[in-house]
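Grab a pencil and work through these exercises with the model open beside you. Each task comes with a solution that goes step by step.

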Amino acid sequence: MGTQKIIITDHLHECLTEEIELLKPDKIFILTDSTTHEACYPLIKDHPLLGEANISTIPAGDENKSIQSLMFVWKSLSSFGASRKSLLINIGGGMISDLGAFAAATFKRGMRCINIPTTLLSMVDASLGGKTGINFNGLKNEVGAFYEANAVLINMQFLKTLDKQNNLSGYAEMLKHGLIFDVPNYQELLNFRFEKNADLNKLGILVQESIDVKKYYVNKDPHEQGVRKILNLGHTIGHAFESFAMHSKKPILHGYAVAWGLICELYIAHRQCNFPKEELKKLIDLIKDRYGIFEFTCKSYDKLYEYILHDKKNTKGSGIISIPLLKERGVVSLDETVDKDLIYESFDFFRDFMGI
C-alpha cells in the first residue's frame, strides 16, 4: 500500500476523472455484480469518461467468487480487446474487488485497475492491501495473488445502499483493527450503532482510523511474511465457520464469520496468553448482541478443524495450527501454536455462551 492511493472523498466523479486522466487507458472496463449494478453503478454511470466503457456483471454473492466468474471476466476482457494499458474499474464489495483485481492481475500478466468499494467491509479491508483471489474446491480464497489496485476511491454515500447486516459485516473488521492497534476512538467504535440515521461523518472518522491500521501493517509486510499476519486475528476460525456454512448451503456474511471467529480466538487468547477476562466478556457480549448466534453441534468439530488445517494462513503445516493471539488490546503474539484440544474447547465455550 506504499504505492496504492486510498482516497476518501465526497467528490467521486472528480477523483475518478483525475485517476483516469493519470492512467490514460486505451480502453475502460467496469465490473459489477447484479446488486451493485442496480444500486451503486447509477451513482457514476453518467461520468463523461465512462460513456464507452464495457460493463460486465456477475451474480451477487460470495458463492460466485469462483473460477467460472473469473473466466467470464477474462473472456469479456479478451473479447472486447483489453490490453495491459486498459483499465478495469471494480465497483462493489469484497467479492468484486477480490475477483476483479485477481482478473486484472492475471489478464495479460497484469493490467491496471481501480477499486470503488461500495460496502463497509470492502472499504476497510477487502479492497485494500493487494490481496486478491477466488474461492476454490470449497475453500475460501484458496487461489489468488498479491496485486494492488492503482487506486481505491471511497465514498461513504454508498453505505446508504446497504442493509444493517452488510454494514455490520464491515464493522467486524473495524473491531478487529481496534483490537490489534491502539486506535484513538476505540470506545466510540464500540458504541457506534448502525441505525437508520447513522452519522456517516462520525463513521467516516472511524473508517479512516481502520484504514490507517491496515496501511500500517501492509506497508511493513506487503506479502504477509511476518507482522501483517496480525490482520488475520479472528480469521483462522472465522474462515472455518465461513467454509462450513458455504458447504452446508447456508452461506454467512464474511464479517459475521470473523466476529464469531473472534469469540473463539479471544477465548483461546485468554487461556493461552492471559488476555483479560473482563475484556473478553465485554467483547463477546457485544458480538452476541450485534451478530446473533451461529449454530453447529459437537459432531461438526472435526469438519471445522479440517477447514482450519487447510487454511492458507496456517504456515507451519504438519497438522500444527498457528494463530495470532492477543495478550491485551494492541499487543499481539504473532505465531502462537494452538493444540487441537484447546480449539475444541473454544468451540465448547462458543456454543455454551451462545446458548446452543
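**Exercise 1.** Work out whether Lys282 is buried or exposed, or in between, and find its salt-bridge partner.

*Solution.* Start with the accessibility: Lys282 has a relative accessible area of 38%, so it is partly exposed (buried means under 20% relative accessible area, exposed over 50%, partly exposed in between, with a 1.4 Å probe and protein chains only). Next, look for the partner: the side chain of Lys282 forms a salt bridge with that of Glu279, at 3.8 Å from N to O (a salt bridge is a side-chain nitrogen of Lys or Arg within 4 Å of a carboxyl oxygen of Asp or Glu). Glu279, at 16% relative accessible area, is buried. Helices here are DSSP runs of H or I with at least four residues, numbered from the N terminus.

A word on the ground rules: this is a predicted model, where local features need pLDDT of at least 70 and side-chain atom pairs count only at pLDDT 80 or more, while totals for chains, interfaces and linings use all residues. Residues are numbered from 1 along each chain as its sequence is written, and side-chain values use heavy atoms, leaving out hydrogens and water.

**Exercise 2.** Stay in helix α11 and describe the pair Lys281 and Asp285.

*Solution.* First, the distance: their side chains meet in a salt bridge of 2.8 Å, N to O. Then the spacing: they are four residues apart, which again means about one helical turn. Last, the accessibility: Lys281 is partly exposed at 48%, and Asp285 is partly exposed too, at 31%.

**Exercise 3.** Now try Lys303: which residue does its side chain meet in a salt bridge?

*Solution.* The partner is Glu306, at 3.8 Å from N to O. Both lie in helix α12 (residues 301-310), three residues apart, so about one helical turn lies between them. Lys303 is partly exposed, with a relative accessible area of 29%, and Glu306 is partly exposed at 37%. Elsewhere, salt bridges with shared partners tie Asp62, Lys65, Asp98, Lys140 and Glu242 into one network.

**Exercise 4.** How many salt bridges does the structure hold?

*Solution.* The count is 16. Those worked through above include Lys282 with Glu279, Lys281 with Asp285 and Lys303 with Glu306.

How values were computed:
Helices (H or I, at least four residues) and strands (E, at least two) are DSSP runs, numbered from the N terminus.
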